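Please read them alongside the model.

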Amino acid sequence: IQTQRGRLEGERMDLIALLDQQVPPGELRTALQPTVESYAIRLDAALAARERFELEAAPVVSEVLRAGNWDRMRAIVEQEAVVRTGVRDVNLAVFDALLESLPEPSRSGLAAEVHRTFNATVWGKGRFDRALDAALEREDLTDSERTSLEALRVQCAPGIDAIRQRQDAALRSQGPARWTFEQLRLWSGAFPGVRFDETIDSGGITDLTGERQEVELACTQQIKPILGDERYAELPGAARPSGRRGREGSDRRSEAERRRQELYKEFDSDGDGRLNSDERRVMRDELLRRQREGKSSP
C-alpha cells in the first residue's frame, strides 16, 4: 500500500530542460550556470526528502488502515504535504529568480512554458484574448482597424495581467492546503464511520475570478465599436450566455438552465463557456462553504 500519488501543482517542473529550450549555449547560459547548479543541488535534496518520506510512510499507512486510525492518517497526509511543498517551492523560487535574470524573449518563453502546467487556468488565454485573436484573423480588416485592435491589446493587457499575478499568488499560497484537502477527501472513504464534510475557503480566489471576468468583459466590449455589431457578434465570447433557451422545455428545465448559467458566469474564470477541472473544484469548495454557513447558492 502506497501513499496517494497525486502531485502538488508545481512539483513536476524541470526548469533545466525548459531553460535548455529557451537559452542556447553561450554567454548568457554560462552566466546562469551557478543558478542552474544550485537549483540541481537543492532540487535533489527536496526530491530525496520526498522519496524517504514515501518509503517510510508506506508501512505506516498499512498499519493505520488496519487500525482505522483516521487522526494518524490525517497527520501523515499533512506531513506529506510539507515534503511535496518543499519540492514545489524549490521550483518556484528558481523560476522567479530566472524571470528576473533573463532578457526577452527568453523570459517570456520560459514563463509561457511553465504556465502551460502551473496555474494554467490563470495564465491561459481568457475571453478578451480569444476574441481579439479571432478579430485579428479576419481577412476583412482594414489597416486602421488592425492598428486599433493591436492598440487595444496593449491597453488592456497590463490590467488583466495584474489580476493574473494576484490569482497566481493566491493559488500558490493555497496550493498545499488544497492538496491536503483533496487527499483527505480521497482517503476518508477507506475509514468506516468517517464522514468527510469539511470545506475549504475559496472566497479570495472566487473574488479574483469575478474581478478578472469583469475586466475581460469590459475589454472585449471595446472591440465592438472597432468591428461593428455584425462582425463583433461572430467573435467567441463576445456576448454573455443567454441563460434561457426561449420557452422550450418545462419550467424546471428553464430554471435549471438559469442556475447553470449563473454558476458558469461566476466560476468560469477563463470565459470559455464551460468549467474545467480547476474551475469545478473551486465551485464545489465554494458551494460547500456556503451550504455550511447557511447561505443560498445560485
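1. The lining of the largest pocket splits by class into 11 charged, nine polar and nine nonpolar residues. This is a predicted model. The lining counts 29 residues. Glu9, Leu171, Arg178, Asp278 and Arg281 are the ones nearest the pocket centre. The elements giving two or more residues to this lining are helix 5 (120-123), helix 7 (143-188), helix 8 (203-221), helix 11 (251-267) and helix 12 (277-292). Helix 7 gives the largest share, nine residues. The space in the largest pocket is about 570 Å³.

2. The second largest pocket holds about 480 Å³ of space. Its lining has 18 residues. Leu99, Ala111, His115, Trp123 and Gln165 lie nearest the centre. By class, seven are nonpolar, seven charged and four polar. Helix 3, helix 4 and helix 7 each supply at least two lining residues.

3. Is Arg50 buried or exposed? Arg50 counts as buried because its relative accessibility is 12%, under the 20% cut-off. Arg50 sits in helix 2 (residues 27-67). Beyond its neighbours within four places in sequence, Arg50 contacts Arg7, Glu11, Val83, Arg84 and Val87.

4. Leu102 is in the loop between helix 3 (70-101) and helix 4 (106-115). Its relative accessible area is 5%, so Leu102 is buried. Leaving out residues up to four places away in sequence, Leu102 touches Leu19, Val23, Leu28, Leu32, Arg107 and Leu110. Take Val23: Leu102 and Val23 are 79 residues apart in sequence, with 9.0 Å between their C-alpha atoms.

Notes. Residues numbered from 1 in each chain as written. Predicted model: local features only at pLDDT ≥ 70, side-chain atom pairs only at ≥ 80, totals over all residues. Heavy atoms only, no water. Helix = DSSP H or I, 4+ residues; strand = E, 2+ residues; numbered from the N terminus. Buried < 20%, exposed > 50% of the residue type's maximum accessible area, 1.4 Å probe, protein only. Contact = heavy atoms within 4.5 Å. 1 Å grid on protein atoms, 1.4 Å probe; cavity = no way out; pocket = protein on both sides within 12 Å on 5 of 7 lines; lining within 4 Å. Points joined across faces, edges and corners; volume = space filled by probe spheres on them. Nonpolar A, V, L, I, M, F, W, Y, C, P; charged D, E, K, R; others polar.
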